[in-house]
Amino acid sequence: MAGSGAELKPAVLKHRRTTLERVEKFISEIYFTDCNLRGRLFGASCSLASLSCFETSQRIPYDEAVRQEFRLVKVGDCFGSTESPEIVHVTSLRWKTCWFKVDLSIPREWTGKEVHLLWESEGEGMIWRDGQPVQGLTREGEKTSYILTDNLKETDPHSLTLYVEVACNGLFGAGKGSMIAPPDPDKKFSLQKAELVVFNRAVHELLVDFEILLDMAKLLGEENQRSFQALYTANRMVNLCDVANPLTFAAAHELACSVFGQKNGESQHVIHAMGHCHIDSAWLWPYDETIRKCARSWVTVIRLMEKNPEFTFVCSQAQQFEWVKNWYPGLYSTIQKFVKEGRFIPVGGTWVEMDGNLPSGESMVRQFLQGQRFFQQEFGKLCLEFWLPDTFGYSAQLPQVMNGCGIHRFLTQKLSWNLVNTFPHNTFVWEGIDGSQVLAHFPPADSYGLAGCVEEMLKTAKNNRDRGRVNHSAALFGFGDGGGGPTQKILDRLRRMKDTDGLPRVQMSTPDRLFTALEKEKAQLCTWVGELFLELHNGTYTTHGQIKKGNRECERLLHDVEILSSFALAQKSSFQYPSAKLQHLWRLLLLNQFHDVLPGSCIQLVAEDAMRYYSGMNLPWPLREASRGPSPHQETNGGILVVNTLPWKRTEVIPKAGPGGSKTLALVTVPSMGYCVVQDSLPPPYPVTVTKEVDGSVIMKNGLVRVCLDTLGRVTSLCLMHPERESVPEGCCANQFVIFDDVPLYWDAWDVMDYHLETRKTIAHLLKPLEIIQPGGLRGSVTSSLQISEKSVLTQEVILDAACPHVRFQTQVDWNEAHKFLKVEFPAKVRSPNATYEIQFGHLQRPTHWNTSWDWARFEVWSHKWMDLSEHGFGVALLNDSKYGCSVRSNVMSLSLLRAPKSPDATADIGSHQFTYAVMPHVGSFQEAEVIRQAYNLNFPLHKVPCVSGQHPAWSAFSVQSPAVVLEAIKQAEDVPGVLVIRLYESHGSTVVTWLQTSLPVQEAVMCDLLEQPDPSKCVPLEERGLRLSFTPFQIQTVLLTLKQPGSS
């Protein structure tokens, strides 16, 4: 060829590192932007015609905002602050909002160009155009430009006015110094950029090409041919590109497409990509701000759908849909349109993404009932999958609740956060305590907020722990937690990986397509039985004790109001069941069960909102209205009507008004789910005796138990009297208060670490010695006070009632600590490798030893109303009225009482607390000893209302023959007035046949699911003994009872 005259380009021996760095610098945002491709993303620019703003401490609607007086401002100015000066002295501070009026004038010479408004500020923003929200703005969510036009025409308006609503908080709130720090009251935000620019779409496409190729070159590895192919292609593209000549860009893009167009083999892993935008309903920002976060995020999703017809987006939480419906009706109508097209996909089926541990069983049912009904009414369909990616553990009763609500699929990823053990599966069958099963999937990328990059897709395939069983996985992409959602760049990345040799096959998909593919391989999957315990964030069982107490109290309140209202409905044809009011209250309770509110991992503003909602629920109307139903007669002197909302007969001591307005006590027996009139007390079978010893200790007895208290109020002996059996080990003290240092690694309100157990200190500083308050008879009680520290005091009344098998501890704590953890310990004279803990609609066992890492990781666990430690023939139960955190190590039962984290709420748990717990020794198993009933009794006190007819006979609405079956809830059916919903569950873990007896005028009984959909094939005959029902262990059953109309036979 020598002398032929042809131009030769000698081959260059490529060095991998220098070639990689050459490509990196060519698209760098930092280096060589004067001459690289990144520096050509934006062309000409011009300033705004005018920029003005006004600030407000309120979140006001658009129509009101545009009528305000705006002042001229400029780029670089600061705005805010977070704390509004006019409400500094109000408990609930609200963050400021700035509205900007943006007048634009697009240069005529930009005709044919794509024109953007560039906007960069620390605050989250929303652009309004022609009175409608059109796009969210957030720097953290990579949304800093708004497309004014993708091809400016001569006839287009070149002058227009936009409004930008900017909140004085970022995507993750306004923490001072770190994300989870309490909000900075002085935080301001600045406007760094606001201008018009020409956007070079061809440059954007090339930048994405280079990014994907560069990641393939880096991540596929030097041993992979495809890695070098991607690298050399990128290098050739650099050679082809003349950044000063846009005409060269097309050839470079075609070169990239030649690589992306090389297809995968049939065996390649299939990734089901779905747009996602996890929005915490409250967390580092208040509920009110979440409403705007939803609008900012979802309107941006709509804009993306308009430009990307293949794009699908999944969205949970009916509460958030309702917020947008009420506050942004235009946006909501558009969302409904895309829902019909199957692209904007409601998922989850619950009112909010609730905590998975602490809500009661009935609350979990109502999450689905309210959520599924909303989705059915608004979108014409039920959700087929439960979507809970970010809660702190998952109850073993959830599979049955899901199944009962029409759901057999489950997606989460939170167990990837486990601190100790790696969960062994990504796709598996999850089986609950009753045997119910759901197909569970954990996206292998261990995230619900992917950026759509090569590394994440490779991790999804590599991290799949069920390779060989399934070859499909989910990838959820879009900024989350604080909202934001997907971006155009993410979609462009995924499009290039749709079917590219060397990478997993990435297809835009839906939950239904994903789970349908997984279900085909269900027979090969492994099964996980029991709870999905998160080995992290176990401080959330205790943090913000007042929120947890409010939750328990309001669950009780709604339980009782629904039952009393049902009684009234059955007895009085004129009674109007308060359906709308109850729905409103239930939805407030369900909202507060969101997985950063009920766990206490939220800022002070949120905690204040939660407590305000609880206070609103504790109005006197519910019990007053409902209790009018059973007895509409004239009041009489002396007696009281005592109402029992639990499904068994109860004999208890209650307070009662005595002569001349004095207070006295009465021992009463009240029928199951009914009432009786009480004039005088029953005589106690064995009067309580209280004896103070010479050394200051006290002994109380009631014929069932004998308790000995030392001068510090500790239990030195707790003895069953028949047969005589001691429950406190020799040399030990029960009711021992202990305090621990509580400094986690990072997540302050969330985590308590195992090493806190090494800092245990007993509390033994007596402030006020034992003093007898009630001398005996129907009740004996003593009180004492302990000095926890210089700042904190604990006062306790220890109570023993006649005919009561447990000792009760009414406790008040004035708590002013920092990073301390208060617990109370009960060592038991019991040996067992397992302890039993109540969960929703049942119970489970956990080990009392630390044999394995799985055991040790559960050093702090949760339960509901009771836990029990038993050996054959004897045991000790610990009951409570508002606590959840607990543990049993060896023979020591520990109830977690109070924490004192400082982030994200510096005031968490500071203040006065009242709570009650009880200890109950028993013979036989906890089932035989009726521990479950005693725990219910502690949590559902008898109601006393003014007596209305002394001639009223005792009345019982319902009773259940078997002590294993609990009648948990009675309510009016959602859609059928005059029909009652009766929910029961088997509580012992046994197979049982029982009779449900009722005095109500029942016309028909039929079984239904948890969504109250009847099963016509399962009519229950009305027999003389009632309804015959069969249960398997921990089974939940729901019955619809149609009541006879007044006057019918």
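**Close-up views of a predicted model**

**View 1. Cysteine 719 and its closest cysteine sulfur.** In this predicted model, the sulfur of cysteine 719 lies 8.3 Å from the closest cysteine sulfur, that of cysteine 708, which is too far for a bond. A disulfide would need the two sulfur atoms within 2.5 Å. Cysteine 719 is buried, because its relative accessibility is 2% and the cut-off for buried is under 20%.

**View 2. Cysteine 1008, also without a disulfide.** Cysteine 1008 takes part in no disulfide. Its nearest cysteine sulfur belongs to cysteine 405 and is 11 Å away. With a relative accessible area of 11%, cysteine 1008 is buried. Across the whole structure, the search for disulfides finds zero.

**View 3. Packing of helix H7 with helix H9.** Helix H7 spans residues 318-327, and helix H9 spans residues 361-379. Their axes are 9 Å apart and meet at an angle of about 45 degrees, so H7 is oblique to H9. H7 contributes Ala318, Phe321, Glu322 and Lys325 to the contact. H9 contributes Gly371, Phe374, Phe375, Glu378 and Phe379. By type, the contact residues are five nonpolar, one polar and three charged.

**View 4. Alanine 818 in a loop between two strands.** The loop holding alanine 818 runs between strand E36 (807-815) and strand E37 (820-827). Alanine 818 is partly exposed, because its relative accessibility is 42%. Beyond its neighbours within four places in sequence, alanine 818 is in contact with Ala900 and Lys902. Leucine 476 is 342 residues from alanine 818 in sequence, and the two are 38 Å apart in space, C-alpha to C-alpha.

Key. Residues numbered from 1 in each chain as written. Predicted model: local features only at pLDDT ≥ 70, side-chain atom pairs only at ≥ 80, totals over all residues. Heavy atoms only, no water. Helix = DSSP H or I, 4+ residues; strand = E, 2+ residues; numbered from the N terminus. Buried < 20%, exposed > 50% of the residue type's maximum accessible area, 1.4 Å probe, protein only. Contact = heavy atoms within 4.5 Å. Axes fitted to C-alpha atoms, helices over the stretch in contact; angles between N-to-C directions. Parallel < 35°, antiparallel > 145°, perpendicular 65-115°, else oblique. Nonpolar A, V, L, I, M, F, W, Y, C, P; charged D, E, K, R; others polar.
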